[in-house]
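Dear colleague,

Please find the structure below, handed over for your records.

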Amino acid sequence: MATSTGHRGRGRRNKGDWRDKSKSNQERDGKPSKEGESHADDSPIVKAFRVFQKELDNRNDRFERIFKLSRDITIESKRLIFLLQRVIGSDDPEKLLAEAAEKIHELHSTKFLEIAKELEGQDSYQYLRAYTSGLQEYIEAVTFYYYLSEQRLVNLDKIQKQLIFPKLVSVPVESSGTDSQEAGPDAKQDNSDPSCSDDQPKPMDHSDDNAGNSSTKPEPTGSVSPAGASEDKKTMLVHVPPSEYMLGVADFTGELMRMAINSVGAGNLDTPRVVADMMRVIHNAFTVFDNASRELRKKTSVLRQSLQKVETACYTLTVRGSEIPQHMLTDVFTSTAASGENFNVDDVEEPYD
Amino acid sequence: MASTQDIFTDFQEYLNADHELREEIRVVTRDMNQLVREIQTVLQVIHQPAQGTSMAELCKTAEDMFGKGKELYRQLAEKIPENQYYRYSDMWRFVSQRFVYLAGLIVFLRDGRLVTREEVAALLGVAVQREDGFHIDLDDFLMGLLNMTNELSRLAVNAVTSGDYERPVQISRFVSQLDAGFRVLNLKNDALRKRFDGLKYDVKKCEEVVYDLTIRGLVGAHNKD
């Protein structure tokens with residue numbers, strides 16, 4: 001009966017990428033629309049569902065576009081981290097850092113700008129799942145970069161600030177997201193300046209927001225509300241939720257561990273101690289967080305292992321450092337790590353290279 | 001490392017505020033769940049209509065109970081910061097779906113047609129689109145409709161038992177149209193898609209009931225579309 005009227009009418013408005021994946025969906029209802037067009041259009045229910053279809057497609061397409069961008073960010077950030085790992089023990093660390101700054105900068109003005117465009121006028125939490133992995137990897141890379149250049153942990157404000165872009169043209173929010181691309185290179189903030197510090201004028205005034213509403217608003221870290229930024233100040237941004245930032249910081253400690261171990265090989269015997277201090281501070285803080293997410297707890301346990309490894313390294317250095325020639329120390333560490341638990345932080349990360 | 005410490009203190013505050021808000025939301029959604037159960041209990045009577053109450057009366061009673069839901073949604077909406085709907089929406093997703101299901105059921109029983117998003121929104125005092133404020137997510141709306149078809153297929157069976165032979169025909173036509181509607185959507189491989197896959201069993205059940213009636217001449221041929 002009426003069952004057959006509907007699905008003949010579809011199959012003609014097919015666009016968007018994600019549908020390639022939902023193959024079985026296609027198989028079942030993707031019948032050619034030779035006949036029954038007008039028949040299907042008659043039903044008020046089908047009419048209503050056409051509206052829903054548009055909305056769902058719009059959302060899914062946007063999600064998929066953001067997801068792709070996020071993957072690119074993940075890959076670029078991984079490369080960035082490899083680059084930064086070479087800073088210790090290199091002849092010209094300044095040059096490598098400058099190169100890293102350039103890469104970070106490029107990420108902002110390309111991929112992140114694109115995401116900001118996609119998110120403009122949207123509830124960023126709706127699409128957070130699409131870009132969370134890329135964002136975390138990026139935060140890991142960027143905190144690592146700032147740690148190497150400033151020897152301290154970069155705060156969320158600074159990271160967020162760099163992901164705020166001026167609104168280019170006052171185009172009504174559209175799902176296309178590619179129409180204003182030519183303005184990309186100009187759309188950067190002060191992110192080329194690696195030494196920018198906290199007392200710098202902020203593009204957005206959220207200091208009183210921080211003090212006043214911290215009890216009612218769940219954003220006491222002073223991060224900007226996505227809406228206020230994009231509408232009032234003619235900017236758009238990639239919102240960085242504090243929890244994402246913390247997950248990124250947790251990943252960053254893995255890099256610290258690697259750096260500490262590698263640096264000994266390069267004859268840098270103080271680094272493990274300095275790094276251990278930093279990791280300890282982070283580790284202490286992480287263990288204090290109660291009602292944290294499952295994800296955060298998982299990362300905390302990995303962090304603990306990394307810390308232990310660095311502490312063992314410090315111990316070995318103190319006990320045997322004076323006895324062993326420097327070039328042999330590396331071997332000592334390698335064997336310590338192997339005999340201990342499985343310290344490989346990369347095991348928990350996504351299989352990108 | 002003072003500044004590092006500050007970073008973590010801030011984050012702890014953030015976590016605390018988040019936790020507090022979730023607690024508040026939980027209180028409201030608990031009341032919502034309670035209300036949904038009450039309305040559902042009222043509507044369960046449709047499966048034994050012999051008790052004398054008319055369908056129109058039932059619908060009226062149930063619809064009036066939505067007034068309390070309106071108030072609860074107002075309370076909930078006040079708690080959610082702007083543009084953070086989807087940060088917390090998991091907490092009221094299921095109860096919203098049940099509200100949609102109940103509203104859909106009422107409208108179908110009363111008018112024999114599909115409830116619109118606007119009607120559901122008006123009934124609950126929320127916006128239709130995200131841009132206009134607190135709303136019911138489209139996924140949840142559709143999920144509610146799918147839950148409704150399940151209830152309707154049950155009603156088709158029970159209507160026959162109590163001698164109402166016209167109802168199953170009406171239900172069968174409606175569910176089929178709904179099925180056609182859902183086929184218009186390009187569903188991703190998610191929860192909605194999974195639930196939609198169950199719709200065909202409801203359609204089948206309704207068709208079987210209509211078949212049984214037709215073959216015995218209990219419904220006239222003019223009922224066929």
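Predicted model: local features only at pLDDT ≥ 70, side-chain atom pairs only at ≥ 80, totals over all residues.

Residues are numbered from 1 along each chain as its sequence is written, chains are lettered from A and ligands numbered from 1 in the order in which they are written, and side-chain values use heavy atoms, with hydrogens and water left out.

Chain A contains 13 helices and two strands; these are DSSP runs numbered from the N terminus (helices H or I, at least four residues; strands E, at least two). Of its 353 residues, 51% are buried, that is, under 20% relative accessible area with a 1.4 Å probe and protein chains only. Among contacts in chain A (heavy atoms within 4.5 Å) with a separation of 6 or more, 76% join residues 24 or more positions apart.

Chain B has nine helices and zero strands, and its C-alpha trace spans about 85 × 40 × 25 Å along the principal axes. Buried residues account for 51% of its 225 residues. In chain B, 75% of the contacts with a separation of 6 or more are between residues 24 or more positions apart.

One helix pair deserves a separate note. In chain A, the axes of helix 10 (residues 242–265) and helix 11 (residues 271–288) come within 9 Å and cross at roughly 160°; axes are lines fitted to C-alpha atoms over the stretch in contact, with angles from 0 to 180 degrees between N-to-C directions. Helix 10 of chain A is therefore roughly antiparallel to helix 11 of chain A, a term used for angles over 145 degrees.

Two residues other than glycine have a positive phi. Gln151(A), with phi near 60°, lies in the loop between helix 6 (128–150) and helix 7 (156–162) of chain A. Asn83(B), also with phi near 60°, is placed in the loop between helix 2 (55–79) and helix 3 (85–88) of chain B. Asn83(B) is buried, at a relative accessible area of 16%.

With kind regards

Technical notes: Buried < 20%, exposed > 50% of the residue type's maximum accessible area, 1.4 Å probe, protein only. Parallel < 35°, antiparallel > 145°, perpendicular 65-115°, else oblique.
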